[in-house]
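Please look over the sequence and the model shown here before reading on. The paragraphs that follow go through one chain, then the contact between chains, and then the other chain.

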Amino acid sequence: MSHDARHPPLRSGREPEAPPLGPRAHWKGPDEREHVWDRKRNVEGLLRFLYAVCVVLVALDLVVHRHTEHPWEHVVAFYPLYGFVGITILVIAARGLRALVMRPEDYYDDR
Amino acid sequence: MTGSLPPFAVYFAGALLVALTRGTLRKAILLAIPVVGALLLLRLEPGTTLHVELMGYALTPLRVDRLSLLFGWLFQLAAFIGNLYALHLGKDEHPGIQHTAAVLYAGSALGAVFAGDMITLFVFWEGLALTSVFLIWARDTERSLKAGFRYLVVNVVSGVVLLSGALIRAYETGSIAFDHIGLDGSIGAWLILIAFGIKAGFPLLHSWLVDAYPEGTPSGTVFLSAFTTKVAVYALARSFAGTELLIYVGVVMTCFPIFYAVIENDLRRVLSYSMINQIGFMVTGIGLGSALALNGAVAHAFADVIFKGLLFMSMGAVLYMTGRSKGSDLGGLYKTMPFTATLCIVGAASISAFPLFSAFVTKSMIMSAALEQGHIWIWLPLLFASAGVLEHAGIKIPYFAFFAHDSGIRTKEPPRNMLVAMTIAAALCIGIGVFPKPLYSLLPYAAEYWPYDVTHVLTQTQILVFGILAVVVLIRTGIYPPELRAVNLDADWSYRWLGTRLVRGVRSVVGAADRRVRNAVLGTVRGGLRALAAGHGPQGLLSRTWPTGSMVLWVAILLGVSLFLYL
């Protein structure tokens with residue numbers, strides 16, 4: 001597998017390896033047909049659909065009168081912002097957590 | 001009604017039959033047990049109790065009310081789906097042990113939720129640990145053997161703490177009833193709370209769960225995910241409803257595991273962290289303690305067993321078919337397992353609480369209760385944790401297993417029984433989401449709630465869709481952390497790394513001191529021996545051998561002297 005430049009391979013006694021393939025699986029053959037998400041056009045189409053849904057959802061926020069229990073909920077696009085910012089913070093913080101807690105896969109083995 | 005049969009009896013008797021039979025007959029019995037159990041449950045009316053006198057204690061092995069009945073139904077359902085999912089087990093997978101252990105495990109869970117006193121609860125509490133550990137050991141790897149032992153120790157300790165607390169309370173109050181306890185400052189109540197907390201995965205007491213569950217067999221982990229922690233949630237709802245401390249404990253439980261889930265590679269371990277997150281919502285609801293919050297907590301437990309079971313089943317199917325369960329080793333499986341991928345996405349949508357899926361109609365009760373009671377600072381982190389669920393369970397699980405980078409692994413759909421079990425679970429996820437009324441009518445407390453209004457549907461859809469957008473942006477910009485083969489340190493570090501080193505350190509210090517003391521003592525003893533040897537040794541004055549002739553000479557001299565003196 002290719003390592004991200006920001007995450008160099010972990011130092012370990014032995015190079016981590018994927019476990020062998022189980023008896024019910026095999027590797028892909030040489031002349032396999034193209035699947036639906038192999039086509040870049042389909043992936044791009046799906047993403048464009050997602051962006052469109054996002055636009056519609058924010059537009060609805062301006063049209064629909066939401067009943068709210070707390071003043072903050074009343075801020076336009078409060079929920080979309082909370083979802084987007086929340087997940088961004090979560091992922092970036094988790095990257096930081098990696099620096100703190102990540103160890104080689106055999107950390108607990110034979111020690 | 002007297003003469004009612006406690007639901008666990010069906011399972012314990014059934015387990016005996018499962019152990020004694022083979023082949024088709026065993027499969028039929030495995031599917032029949034939950035059906036018979038459910039039929040018996042239909043006959044149990046709220047208010048039914050069964051008392052037994054044992055060793056001077058009045059035990060209550062059966063206490064039926066709306067709360068225990070809800071979990072009773074849930075566990076019959078979970079046992080049926082789990083048994084169906086495990087039906088195919090082959091000769092090399094210890095089918096006898098796994099099937100028998102699973103049925104005994106489900107029976108213990110039923111025994112615990114219908115227990116009316118602490119002693120009965122303790123017996124089934126330990127039963128949960130002793131039976132379920134075989135579902136981990138049956139994986140038959142060195143890793144699972146060790147993880148199983150750690151799991152067993154922690155869970156048995158939980159039972160010992162429970163019994164200690166119960167005995168202290170019995171001494172203080174004279175009652176062994178398993179009812180509302182609450183934190184009244186008594187050490188007994190605290191011990192009972194800690195015992196429940198260990199099995200519920202409270203922060204810092206949680207790591208047995210993320211350590212052991214991913215090491216279970218593909219089907220064993222499905223059972224594990226259904227019973228132990230939900231029995232703990234039931235026990236907390238029964239004994240500690242409205243305990244304010246639980247609000248904060250629950251919020252911590254919803255928030256800290258999601259960071260681990262983002263960076264964890266083993267997808268079944270991601271789901272284990274996700275379990276703690278979901279239980280966190282339930283614990284918060286129990287702490288809030290209003291009728292709506294408590295209904296939300298137990299309804300969410302009901303929905304969670306099904307959608308989390310579905311997710312564990314889909315990852316179990318991937319593990320069973322490919323021999324792998326790590327995000328870094330998988331990808332592109334939608335090409336050969338499209339049906340499994342679809343079912344997994346249903347589970348992912350359910351746990352993420354998309355409208356029309358199950359968590360939407362259950363988790364929202366807890367969220368609404370938090371706002372209603374004015375806990376804005378509880379509600380905000382809960383909302384953050386809800387978005388986090390979408391990231392790790394809603395997107396990460398299906399994405400890295402079935403899509404993402406094509407690993408080149410080709411396989412086929414899992415055995416039919418697995419597919420049918422997953423389909424039933426998926427249908428229930430959607431069924432509960434679309435028609436929440438039947439589940440609501442089973443809830444134990446009186447509270448009016450209806451999840452489908454424009455505001456709730458819109459806001460929930462907004463937060464989820466923009467969460468997806470954030471993940472897309474983070475992946476496309478390369479900020480999203482890649483799946484790496486690694487372990488992430490957690491609370492179990494304290495006993496797996498620090499503990500072993502402490503023991504080793506103590507052993508080396510004590511060993512050295514012991515050696516020194518022994519050497520000193522040996523030195524003294526040797527000195528004494530040497531002194532003794534100087535006198536009594538082979539060369540010593542007192543042990544020298546003298547020639548017989550000299551003895552005769554001396555005797556002759558003595559005789560001569562005495563003769564001379566007489567004369």
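Read along the sequence, chain A follows the pattern β-α-α-β, its secondary structure coming to two helices and two strands, where helices (H or I, at least four residues) and strands (E, at least two) are DSSP runs numbered from the N terminus. The model is predicted, so that local features need pLDDT of at least 70 and side-chain atom pairs count only at pLDDT 80 or more, while totals for chains, interfaces and linings use all residues. Residues are numbered from 1 along each chain as its sequence is written, and chains are lettered from A and ligands numbered from 1 in the order in which they are written. Of the 111 residues in chain A, 11% are buried; a residue is buried if 20 or more other C-beta atoms lie within 10 Å of its own, exposed if 12 or fewer, and partly exposed in between, with C-beta atoms placed from the backbone.

The contact between the chains takes 51 residues from chain A and 52 residues from chain B, two residues being in contact if their C-beta atoms, placed from the backbone, lie within 7 Å. On the side of chain A that touches chain B, the elements giving two or more residues are β1 (26-27), α1 (40-63), α2 (78-101) and β2 (102-103) of chain A, and the largest share, 17 residues, comes from α2(A). At this contact β2(A) also pairs with strand β4 (residues 487-488) of chain B, in the antiparallel sense and over two bridges, pairing being assigned if DSSP finds at least two bridges between two strands. Within that pairing, Arg103(A) stands opposite Val487(B) in β4(B).

Chain B is divided into domain 1 (1-240) and domain 2 (241-488), with bounds that come from an automatic or database domain assignment. The centres of these domains of chain B, taken over C-alpha atoms, are separated by 24 Å, and their contact takes 35 residues from domain 1 of chain B and 42 residues from domain 2 of chain B. Elements that each supply at least two residues to the domain 1 side are α3 (66-85), α8 (207-212), α9 (220-226) and α10 (228-239) of chain B, with the largest share, nine residues, coming from α3(B).

Helix α4 (residues 95-113) of chain B has 19 residues and reaches 27 Å from its first C-alpha to its last, close to the 27 Å expected at 1.5 Å a residue, the expected span being 1.5 Å times one less than the number of residues. Because 16 of its 19 residues are buried, α4(B) is largely enclosed by the rest of the structure.
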